[in-house]
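Below is a short report on helix packing, domains and chain contacts. Please read it beside the model.

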Amino acid sequence: MSIDTDRRHFLAAGGALTLSFAMPAWSAPGELPKSFDKNPWLDAWIRIDADERITVFTGKAELGQGIKTALLQIVADELRIAPSRLTLVTADTARTPDEGMTAGSNSMKDSGTALRHAAGQVRMRLTELAATRLALPASSLALKDGAFVALDGRRASFGQLVTGQELHVRATPEPAPPAPGVRTAIGKSLPRIDIPAKVTGGGAYVQDLRLPGMVHARVVRPPSQAARLLAVDDAATLRLPGILKVVRDGRFLAVIADGEYRAVKAAAALARATRWETPAALPVHPTIADLVRAQPSEPTTILDQGARVKDGRHVEATYTRPFQLHASIGPSCAVARLVDGRYTVWTHSQGVFPLRGALAELLAVKIDAIRCIHVEGSGCYGHNGADDVAADAVLLARALPGRPVRVQWMREEEHGWEPFGAAMVAQVAATLDADGRIADWQYDVFTPPHNTRPGKAGNLLAATHLARPFTPPVPKPSPQPEGSGDRNAIPYYRLPNARVTHHFQPKAVIRTSAMRGLGAYCNVFAIESFMDELARAAQVDPVAFRLRHLEDPRAIEVVKLAASKFGWDGYKKVSRRGRGFAFARYKNLASYCALAVEVEVARETGLVRITRAVSAVDCGEIVNPDGVRNQIEGGVIQSSSWTLLEQVRFDATRVLTVDWASYPILRFGQVPEKLEVHLIDRPGQPFLGTGEAAQGPAAAAIANAVFDACGLRLRDLPLDRARMRKA
Amino acid sequence: MSTYRLQVNGKPHAVDTDPDTPLLYVLRNELELNGAKFGCGLGQCGSCTVLLDGQAAMSCMVPVSVVGARKVRTVEGLGDARTPGVLQQAFIDEQAAQCGYCIAGMIMQATALLEKTPAPTDAQIRAHMAPNLCRCGTHMRILRAVRRAADVLAGGKR
């Protein structure tokens, strides 16, 4: 894989950004898309060179969601140029805008919107320049293939128009008018630009980096977060062939070797030569509900409307979700190098800028002494080990200056040490009136943190193991409407009398952080399971019951579309099979997703098999329909895996689920026979993002289908075979 | 450290390495082939799947010293981004990847199937692919890509 390691380029790029403050503003600042807050200059987003090269910069990262292709489609249409003419640079602290985290299904909303805005203004600016250059009115020029063409045949290409700082102007709030002519990229299923390398063994991942002089490291983790190192004897390890260094700083132990497998073996040898005291520091409770409820909570009422209504039919239920794993297929990896007091870090972190700040604190250096470059890793689905392994890598690069140090976690590290998806308890009570409407709704969700991302050095695993350890900052919940553990805790239904309380638990018993959808997964599972229970109590069809309580026409449309494509009304139930439905609007402000599934339940084995899943999605204006479908299909299948199989287990001393045998995920045999995604395009509407829209609906639709198939209402995730057999 | 002669993607190689080094590490680090991936090192996920004399094998579990004269094939041996092999093209056509980390292993697992069973049923494809894990949930597309490749090969449209 070729990587731009030219330091002059690095400094030059950094220099261009700092120069910008001396330039006059093009216009007064106003309401610009959010990503412009930190990056107001057009040439921070789009650069045009004299040789006609057009480079597009995004602060978001490719995580396998296909964002690179979609962003290029947006810019291509604004500039009226083929996407293949554009080069994209993704998250790099030396080169790209700072757009925070690539998370929360926000990349299209943030970067897509910003790039559309920036590209539109670049086109306007180029049009002015061309009109001046050709001394013709702008309206007489046609824009084609990167050049303005006059009626007399004279041309002015982008590269001719931008000779200096012409694009070094502030973006202005008012959007450019739509580009003339027909859009050719947006709305088309352009093949993803990253896939050919991925299917042919091209250098596609940070794991594939090979830098000159690179060495390999492995970390020896404690048996648990509370474990105390009693003794370590590195003599035998140091005698192994190819060992360059054994690093010890407090409980942070690592080996660096001249070959990767030598590092693996040396780490195993060093692990054998350590003695630990492993206190029984983890809470053991008979159930997840007991464990979560036992933790201190800080309640916040996030919705309180109407009055309490007690007359009518009362229904209540409690739902739980265990700790779960991101469980990336490729363990986290980073490469770091320290040269002349400057660190370069190649990382698959979701936030290279926040990571840089945390690493600077960890290393006690200024942030401009660190450059973090995003290089794709295995899919992360949230805050996995990506940031932690970058911390490992810089600590080891500091121990061996001059040499690029590559660290990849082993499988048991990824399973055992990634920040887990948070266990949750949701209890809900409602009253149905005589007309079968929800007259009262009370909802309480109890949850440990869903965001402990760096931020701060204390958010990095290794930093907490050093002789002078960093303390993790006290986590805070994100405010509504997006929320974190309370994400989607407020139903998207018309509820005149409702109270929703978020019981945030800042002190987690075990490290937890953002996992695809955050609290929305469990909250939607709870709300949509409960809607099913209420519909049955009211003796109303579950789809009709939802429609009765929905107001937003876009929500109604996706519900109706999923139901009709599934054939909900004409459904013929057969033995062992059943159907289930669920709907949510992610974060109550992003994509709409409705899902109908059919399952087959074998009570004797406890096996639940999804025979068919049909979803309908409205994510605003669609840039790449196949990209949206891919995300939704993936979301449905991944959520099926969480829902049917997954839970972290630990005893009083340590995590027990440290490989794919102890923490199984869905295999080919259990994926649906058929999976359909139906899209509703909304040209002109904001991009709403799709990455997390299906997680919650899939869980509830499956649980509801299980009930329909066999009469078992399972409220504790996962619906695995042991639980199905016991129920 | 010993010298091992390996036949990889039709070419002979001599590598100097420790005898217990798994083939995976030799392919990635000595031969600089990116296709086979480290996923678990335990033979549980299939990210490192390669072919040994036509049999799918998890290269993280095969010490280099036991490979012997068996012909090793990796995804790089099927084609490249300019001239992809039939399975690779099918994966591109079906856009059968999200993060793609598992995909090279999937393609090698599928290669083993199609070479022995040129006209597999859908059930055979599912059963054969069972050892390989995908976390992004790209399964439906992977199954379609294998089906498509089988159909292309059956139609002789190479």
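How many residues of domain 1 of chain B are in contact with domain 2 of chain B, and how many of domain 2? The answer is 15 residues of domain 1 and 13 residues of domain 2. Contact here requires C-beta atoms, placed from the backbone, to lie within 7 Å.

## Basis of the model

This is a predicted model: local features need pLDDT of at least 70, side-chain atom pairs count only at pLDDT 80 or more, and totals for chains, interfaces and linings use all residues. Residues are numbered from 1 along each chain as its sequence is written, while chains are lettered from A and ligands numbered from 1 in the order in which they are written.

## Domains of chain B

Chain B splits into domain 1 (2-77) and domain 2 (79-154). The bounds come from an automatic or database domain assignment. Taken over C-alpha atoms, the two domain centres are 20 Å apart.

On the domain 1 side, strand 3 (49-52) and strand 4 (55-58) of chain B each give two or more residues. Strand 3 of chain B supplies the largest share, three residues. Helices (H or I, at least four residues) and strands (E, at least two) are DSSP runs, numbered from the N terminus. By class, this side has seven nonpolar, seven polar and one charged residues. Nonpolar covers Ala, Val, Leu, Ile, Met, Phe, Trp, Tyr, Cys and Pro; charged covers Asp, Glu, Lys and Arg; the others, Gly among them, are polar.

## Chain B against chain A

The chains meet through 49 residues of chain B and 49 residues of chain A. On the chain B side, helix 1 (23-30), helix 2 (86-93), helix 3 (103-116), helix 4 and helix 5 each give two or more residues. That side divides into 25 nonpolar, 17 polar and seven charged residues.

## Helix packing

In chain B, helix 4 (residues 122-129) and helix 5 (residues 139-154) pack at about 120°, with axes 10 Å apart. The pair is therefore oblique. Contacting residues include I125(B) and M129(B) of helix 4 and L143(B) and V146(B) of helix 5. The contact has five nonpolar, no polar and three charged residues.

In chain A, the axes of helix 12 (residues 520-537) and helix 13 (residues 542-549) come within 9 Å and cross at roughly 105°. These helices are therefore roughly perpendicular. Angles under 35 degrees count as roughly parallel, over 145 as roughly antiparallel, 65 to 115 as roughly perpendicular and the rest as oblique. Axes are lines fitted to C-alpha atoms, for helices over the stretch in contact, and angles run from 0 to 180 degrees between N-to-C directions.

How values were computed
Two residues are in contact if their C-beta atoms, placed from the backbone, lie within 7 Å.
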